[in-house]
Protein chains: 2
Amino acid sequence: MTETSTPISLGQKPEELLDVVGIGSPLVDVIARSDDALLSRLGLIKGSMELVDLDQGDAIYASMDATLEVSGGSAANTMAGVASLGGKAGFIGKVATDTLGDVFTHDITAAGVEFEAVLAGPGEGGTGRCLVLVTDDAERTMATHLGVANSFAPSDVDDALLSRTKITYLEGYLFDLPPAKEAMRQAIALTHGANGSVAMSLSDSFCVERHRNDFLELLNGDVDLVFANEDEAMALFGAKSFQQAVDAFDETGVVAAITRGAQGSVIVTPAGILTVAAAPVATVVDTNGAGDLFAAGFLYGLTNGLDPEGSAKLASLCAAEVIAHLGARPQTSLAELAASQGLLEP
Amino acid sequence: MTETSTPISLGQKPEELLDVVGIGSPLVDVIARSDDALLSRLGLIKGSMELVDLDQGDAIYASMDATLEVSGGSAANTMAGVASLGGKAGFIGKVATDTLGDVFTHDITAAGVEFEAVLAGPGEGGTGRCLVLVTDDAERTMATHLGVANSFAPSDVDDALLSRTKITYLEGYLFDLPPAKEAMRQAIALTHGANGSVAMSLSDSFCVERHRNDFLELLNGDVDLVFANEDEAMALFGAKSFQQAVDAFDETGVVAAITRGAQGSVIVTPAGILTVAAAPVATVVDTNGAGDLFAAGFLYGLTNGLDPEGSAKLASLCAAEVIAHLGARPQTSLAELAASQGLLEP
């Protein structure tokens, strides 16, 4: 691999605009420690995310140990991370007017993210929740009841935020929902029409298996920057080795940020490929949010003058913060943390 | 002070009964990091607990940073701790049939506590919540909206759990509510009538100031075991020094477990006074729950054959676990933790 530090080119936008706008399912995470036996009994595949209906969700919740609740949602976590770094972030997602909706709205707003809430009508259901089971190896397994986020639709996407952002960040999970998939295509068109770039997370290797063709098509000009972990990257190209997946990304011409847990990350850019070490963590408690916060650091870096290597180092630090505690949102100021490590100006 | 290890005498109960039943306000804690400036702006006194109405609570919540939600309530935290140690615990408190009530009920039940839920009627209001602001010095400042717990009344206390327990544990906070105060007196009578002992936490030094005479009267035969921190102990007796408070407790004839933060604890018993060191903590994150979990360890120890010194060591370990993370409930099995430290049989 060739080392490089050439900045990725971004569309030119006036200074006052947003760095990143995320689109995804607003969720409140309901987190409990679990053992492998419980995952088996519940029929959940370790490390994966499965969509469940309300009854299935209730049954899983009833089997779970005492929980803690923290606002979550993959793209929303990423936007909270961008804001915690001092970036200007926005988020678009659908919530109900209920307790969990209030919690989600409070938390993303308090994090400093401009939230374009799509409000569900009466009778549409409740705000989404994600049951997160964390095993002793710090792996997280998720059962998500999307609630009203299930009906996120093209009409919910307008250009109020998307015409103002340098990058629009899409959650791959949304491709599980046909109307949301259409909404994503609309968001891509609006963003590119306003001279912005589009980033996407592959979210989950099972999600990639379900939508491989859609995702591969998106690499032909729709998506400019892809976030994936090793499994997702390999699943996307049906690769037999990690190197094969890296080479396949390299051929597409998009920028790809591929995370490998403790082995760090590999950044593929048209100007070259570079590897960046993981930031040290004393004790890994809960890997939930690792990818989301990696994306936060990388997106903040790219939109705030860092080169890909500096962005990836910042990304690794953000991921390290979030896996050291339960919950997928930062529990400290990432801007201060990054400054203390010399990765950002104080 | 004289060292002692004489066990405290407890009423004789058949083996299958409960170790401890707690009575208190069921709350869900809504936790955020804060700075001193925000506490000042909100008019909150650092380290204290203040009762607020719904509007005041909403205004404080709107000013708070992104939160995490964890079941709380002082006596409920203690019961969760007793259960996590492997003890048989019960809890009595009033909740509404709403999201927070569901969360509280799920979590205390999942913790293994037998929950006698007093269910509010329609229109009585919502389940209580406690806004917890944690400053960088790990101190917690609380604004509690009791919700339906505000109307906990004597008719809510029956002997279903109280006739089966070795110890009934009362939350001092309840003395802020006239009907609950009466309910406490009824619980004391039921417990003593069934040959159990009564323990009480003094909860908060401002709470002690408000109810000093009531609390002092309770030491004349109503309460057998008191939990207090240094400030609360001194406030109770209007003591000018910590030693004065210890001597005053010694004269009452009740057992007193007095915590002093990093300075450990002092246990006053009719058989002598002993001091126990605090358990080491790498980083104190949030002192919320320190007293509650100290009480859990001590109550478990006393009801499971440990002497006061062994109980206090166990208590210190439980407190150390809970202050190392955000939230006032244990995040690991206290039984396993205690076994790993040689304080309980594996």
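User: Setting aside neighbours within four places in sequence, which residues is Leu131(B) in contact with?
Analyst: Quick note before we start: this is a predicted model. Leu131(B) sits in strand 7 of chain B. Once its neighbours within four places in sequence are left aside, its contacts are Val30(B), Gly57(B), Ile60(B), Tyr61(B), Met64(B), Met142(B) and Ala143(B).

User: Is Leu131(B) buried or exposed?
Analyst: A residue needs 20 or more other C-beta atoms within 10 Å to count as buried. Leu131(B) has 27 C-beta neighbours inside 10 Å, so the label is buried.

User: How many Å separate the C-alpha atoms of Leu131(B) and Gly57(B)?
Analyst: Gly57(B) is on the contact list of Leu131(B). The two are 74 residues apart along the chain, yet their C-alpha atoms are separated by 7.6 Å.

User: Strand 7 of chain B pairs with strand 8 of chain B; over how many bridges, and in which sense?
Analyst: Strand 7 covers residues 128-134 of chain B. One facing pair is Val132(B), which stands opposite Met142(B) of strand 8. The strands pair in the antiparallel sense, over 6 bridges.

User: Which residue in the hairpin of those two strands takes a positive phi?
Analyst: The hairpin has 5 residues between strand 7 and strand 8 of chain B. The phi in question is near 70°, and the residue that takes it is Ala138(B).

User: In strand 8 of chain B, what is the bridge partner of Leu51(B)?
Analyst: Strand 3 (residues 49-51) of chain B pairs with strand 8 of chain B in the parallel sense, over 3 bridges. For Leu51(B), the bridge partner in strand 8 is Thr144(B).

User: Moving along chain B, what follows helix 9 with a positive phi?
Analyst: Helix 9 covers residues 230-237, and its buried residues are Glu232(B), Ala233(B), Met234(B), Ala235(B) and Leu236(B). Those buried residues pack against helix 7, helix 8, strand 11, helix 10 and strand 12 of chain B. After helix 9, with phi near 55°, comes Gly238(B).

User: Now for the two chains together: which element of chain A gives the most to the side that touches chain B?
Analyst: The contact takes 21 residues from chain A and 21 residues from chain B. On the chain A side, strand 4 (68-72) and helix 4 (99-110) each supply at least two residues. By class, that side divides into 11 nonpolar, 6 polar and 4 charged. Giving the most, with 6 residues, is helix 4.

User: What is the bridge partner of Leu68(A) in strand 4 of chain B?
Analyst: Strand 4 of chain A and strand 4 of chain B run antiparallel and are joined by 3 bridges. Leu68(A) has as its partner Val70(B).

User: Which strands stand at the edges of the open sheet in chain A?
Analyst: The sheet has 9 strands in the order 6-5-1-9-10-11-12-13-14, with mixed pairing.

User: At about what angle do helix 11 and helix 12 of chain A pack?
Analyst: Two packed helices are described by the angle between their axes and the distance between the axes. For helix 11 (residues 290-303) and helix 12 (residues 308-322) of chain A, the axes are 7 Å apart. Helix 11 passes helix 12 in a right-handed crossing, and the angle is about 145°.

User: How confident is the predictor, and what is the ipTM of the complex?
Analyst: Chain A has a mean pLDDT of 93, with 95% of its residues at 70 or more. Residues 1-7 of chain A are another story, with pLDDT under 50. For the complex, the pTM is 0.91 and the ipTM is 0.88.

Definitions and conventions
Residues are numbered from 1 along each chain as its sequence is written. Chains are lettered from A and ligands numbered from 1 in the order in which they are written. This is a predicted model: local features need pLDDT of at least 70, side-chain atom pairs count only at pLDDT 80 or more; totals for chains, interfaces and linings use all residues. Two residues are in contact if their C-beta atoms, placed from the backbone, lie within 7 Å. Helices (H or I, at least four residues) and strands (E, at least two) are DSSP runs, numbered from the N terminus. Ala, Val, Leu, Ile, Met, Phe, Trp, Tyr, Cys and Pro count as nonpolar, Asp, Glu, Lys and Arg as charged, and the others, Gly among them, as polar. Two strands pair if DSSP finds at least two bridges between them. Axes are lines fitted to C-alpha atoms, for helices over the stretch in contact, and angles run from 0 to 180 degrees between N-to-C directions. A crossing is left-handed if the near helix is turned anticlockwise from the far one by less than a right angle, and right-handed if clockwise. A residue is buried if 20 or more other C-beta atoms lie within 10 Å of its own, exposed if 12 or fewer, and partly exposed in between; C-beta atoms are placed from the backbone. pLDDT is the predictor's confidence in each residue, from 0 to 100.
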